[in-house]
Amino acid sequence: MTLDKKVLLEELATPYQLPTGAVEFYREYGYVKLKNVLSPELLHYYGTLITDLVIRLNTLTKPMEERTTYERAFLQIMNLWREDEEAQEFVFSKRLAQIAADLMEVKGVRLYHDQALYKEPSGGITPWHADQFYWPLASPNTVTVWVPLQATPLEMGPLAFAEKSQSVEIGRDLEISDESEALMATQLGQFRLHETPFALGEVSYHAGWLFHRAGANASEQARKVMTMIYMDQDQVISEPRNEYQRADWTTWLAGKAVGTTPDSALNPVLFSY
Ligand SMILES: O=C(O)CCC(=O)C(=O)O
């Protein structure tokens, strides 16, 4: 192992000092953006290998004009940690997992799954949606870290949030679609939109029931993003409520019994106090 790699591994394991008020902000607003979480060197190293994996594993090659709205939004490659040992180092970062536990104010977190989300040049919008629509999980204690692998100006489609929308029970039966975009664009008028660029090293954490979207990528470069979805280590599997939850149940939770903790090898505890 080279010295540099050791430094990167140390960084992935080193606790991050949350700024004062971050936990309270997350609790109230349903998301938080945090600066200087990962160094440019680390993002360059793992970004390069994640991009190689995305290129190798991607199967969505049809032209933009033939794609659905969902397909235009991004290339989506899931559970990279099971494909590559170095991707696993990144996904299993204790630094990122501890932040998730601290924000949710829980003792520890498990991985639900990871995913790379690459919005290609000319890629379309990511419609308004709330992630937990897709997950057969009983408690709202779920959170996604969204890690841009480059600085992300507005023209690339940074993630944007409907502040405080995690606590209203509207649109919770909507998949990501033109319909969710149209309906939520009007319904979410009551919430303030937070849409700002991400500096290199900045990441966001958003709650499973928080509505969020992203603009189109009008730049000439891919908007490269890696994400990890965490759940409370004591999360409980609920009866699937739609076809997506049924598919997620078998794919990401190993089909473990409803009412039990998702503790199969697919959902390791990544950080616990
Ligand atoms: O990257 C995007 O455009 C959308 C990401 C998203 O919806 C998520 O990570 O939950």
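## Basis

Residues are numbered from 1 along each chain as its sequence is written, and side-chain values use heavy atoms, with hydrogens and water left out. In this predicted model, local features need pLDDT of at least 70 and side-chain atom pairs count only at pLDDT 80 or more, while totals for chains, interfaces and linings use all residues.

## Pockets

The largest pocket has a volume of about 410 Å³. A pocket here is an open set of points on a 1 Å grid over the protein atoms alone, where a 1.4 Å probe fits, with protein on both sides within 12 Å along at least five of seven lines. Grid points are joined across faces, edges and corners, and the volume is the space filled by probe spheres set on the points. The lining of the largest pocket numbers 26 residues, and Tyr 70, Gln 76, Gln 115, Asp 131 and Ile 176 lie nearest its centre; lining residues have an atom within 4 Å of a point. Two or more lining residues come from each of β2 (75-78), β3 (108-119), β4 (126-129), β5 (142-148), β9 (212-214), β10 and α8. These elements are DSSP runs numbered from the N terminus: helices are H or I with at least four residues, strands are E with at least two. By class, 13 residues of this lining are nonpolar, nine polar and four charged. Ala, Val, Leu, Ile, Met, Phe, Trp, Tyr, Cys and Pro count as nonpolar, Asp, Glu, Lys and Arg as charged, and the others, Gly among them, as polar.

The second largest pocket has a volume of about 230 Å³. Its lining consists of 14 residues, with Tyr 26, Pro 140, Asn 141, Gln 166 and Ala 207 nearest the centre. Helices α2 (22-29) and α6 (94-104) each contribute at least two residues to this lining. The lining of the second largest pocket divides into six nonpolar, five polar and three charged residues.

## Ligand surroundings

The ligand is surrounded by 14 residues, and the closest are Thr 126, His 129, Asp 131, Trp 146 and Arg 223; a residue is near a molecule if one of its heavy atoms lies within 4 Å of it. Asp 131 is also among the residues nearest the centre of the largest pocket.

For Asp 131, an N or O atom of the side chain is 3.0 Å from an oxygen atom of the ligand. The corresponding distance is 3.1 Å for His 206 and 3.0 Å for His 212. A polar contact is a pair of N or O atoms within 3.5 Å; within protein, one must be able to donate a hydrogen and the other to accept it, and residues adjacent in sequence count only if both atoms are side-chain atoms.

## Helix α6

Helix α6 is largely enclosed by the rest of the structure, because ten of its eleven residues are buried. Buried means under 20% relative accessible area, exposed over 50% and partly exposed in between, with a 1.4 Å probe and protein chains only. The buried residues include Arg 95, Gln 98 and Asp 102.

At the N-terminal end, Ser 93 caps α6, with a side-chain oxygen 3.3 Å from the backbone nitrogen of Arg 95. Just after α6, Glu 105 has a positive phi of about 60°.

## Loop residues

Ser 238 sits in the loop between β10 (223-232) and α8 (243-252) and is buried at 12% relative accessibility. Not counting residues up to four places away in sequence, Ser 238 touches Pro 136, Leu 137, Ala 138 and Val 258, where contact means heavy atoms within 4.5 Å. A polar atom of the Ser 238 side chain lies 3.2 Å from the backbone nitrogen of Leu 137. Gly 208, in the loop between β8 (203-207) and β9, is buried at 1%. With residues up to four places away in sequence left out, Gly 208 touches Ala 130, Asp 131, Gln 132, Trp 135 and Thr 142.

The loop between β1 (31-34) and α3 (40-57) holds Asn 36, which has a positive phi near 55° and is exposed at 61% relative accessibility. Ser 39 belongs to the loop between β1 and α3 but is buried at 16%, and its side chain reaches the backbone nitrogen of Leu 42 at 3.2 Å. Ser 122, in the loop between β3 and β4, has a positive phi of about 75° and is exposed at 52%.
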